[in-house]
Amino acid sequence: MPERSGTHADDPFRGRHPTSHERLTGLPWDASYRDGPAPWDVGRPQPAIVRLASAGAFVGAVLDAGCGTGENTLHVASLGLPVLGVDVAETALAMARQKADERGIEAEFAAADAFWLDRLGRRFETVLDCGLFHTFDRDERPRYVASLASVTEHGGTLYLLCFSDEGPDPGPHPVSQDELRAAFAAGTGWNVVAVEPDRVQTRFHDDGAPAWLATLNRN
Ligand SMILES: C[S@@+](CC[C@H](N)C(=O)[O-])C[C@H]1O[C@@H](n2cnc3c(N)ncnc32)[C@H](O)[C@@H]1O
């Protein structure tokens, strides 16, 4: 995942190597946020994340990787936890900061590439990935999984909600349970604690799309 050289002024990817999703669509992630809500931007936290939060799953410093316009970040922050949401889409980050201001919620948002989280120079006890992992192809996953490990405290927890391939009307980029478990296999720094069927709400599914909610422990 090399970075590209040269000036970033006219570069929509700001020196990043475009992700597989961006190569497929021909557009940077930021473009998804410019003309009305993105298909995944449902304007409220995902019910699966709300449930986790109610069960006390989020503890210590929290990172939301690929936070988008920040609904999940803000929900966790509203519980009084220190939360950092990161994304490559500056437009989404601006919207997230505006929501935080309007709602009077303290949360931090920063532009960062999920493949280089170590550059944050910070560590987190709880990490959330809501809809980011499934946008990466098989070649990108090892680098992303290592990046997540680099910023998660030993004993810390990663909660990952992604589209699954089980059930009718799957979302784009559906992931099989085997693929998910393989990405976090022994030697990656993670133990798979649980992979449970769940739902991801979108703007184009009446009752959400089939999903996996995975709990991973940093060993
Ligand atoms: C499907 S959206 C989910 C957004 C948000 N978590 C939600 O639930 O609404 C995926 C997000 O990941 C961000 N993203 C994609 N590749 C990224 C990368 N390499 N580093 C950081 N964020 C990335 C996109 O900009 C987008 O906001």
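Select Ala114 in this predicted model, and you will find Ala114 in the loop between strand E3 (108-111) and E4. With a relative accessible area of 8%, Ala114 falls under the 20% cut-off and is therefore buried. If residues up to four places away in sequence are not counted, Ala114 touches Leu132, Tyr144 and Ser147.

Next, select helix H5 (residues 141-151), whose buried residues are Arg141, Tyr144, Val145, Ser147, Leu148, Ala149 and Val151. Among the elements that cover these buried residues are strand E1 (62-65), strand E4 (124-130), helix H6 (177-183) and strand E6 (190-200). H5 lies across E1, E4, E5, E6 and E7, and runs at about 140° to E5.

Move on to Thr152, which lies in strand E5 and is buried, with a relative accessible area of 0%. Leaving aside neighbours within four places in sequence, Thr152 is in contact with Arg123, Phe124, Val127, Thr157, Trp190 and Arg218.

Now display the strands together: seven of them form an open sheet of mixed pairing, in the order E3-E2-E1-E4-E5-E7-E6. E3 and E6 stand at the edges with a single partner strand each, so one side of each is left without a neighbour in the sheet. From one strand to the next, the twist averages 20°.

Finally, select E1 and strand E2 (residues 83-87), which run parallel and are joined by four bridges; here Leu63 stands opposite Leu84 in E2.

Definitions and conventions: Residues numbered from 1 in each chain as written. Predicted model: local features only at pLDDT ≥ 70, side-chain atom pairs only at ≥ 80, totals over all residues. Heavy atoms only, no water. Buried < 20%, exposed > 50% of the residue type's maximum accessible area, 1.4 Å probe, protein only. Helix = DSSP H or I, 4+ residues; strand = E, 2+ residues; numbered from the N terminus. Contact = heavy atoms within 4.5 Å. Pairing = 2+ DSSP bridges. Axes fitted to C-alpha atoms, helices over the stretch in contact; angles between N-to-C directions.
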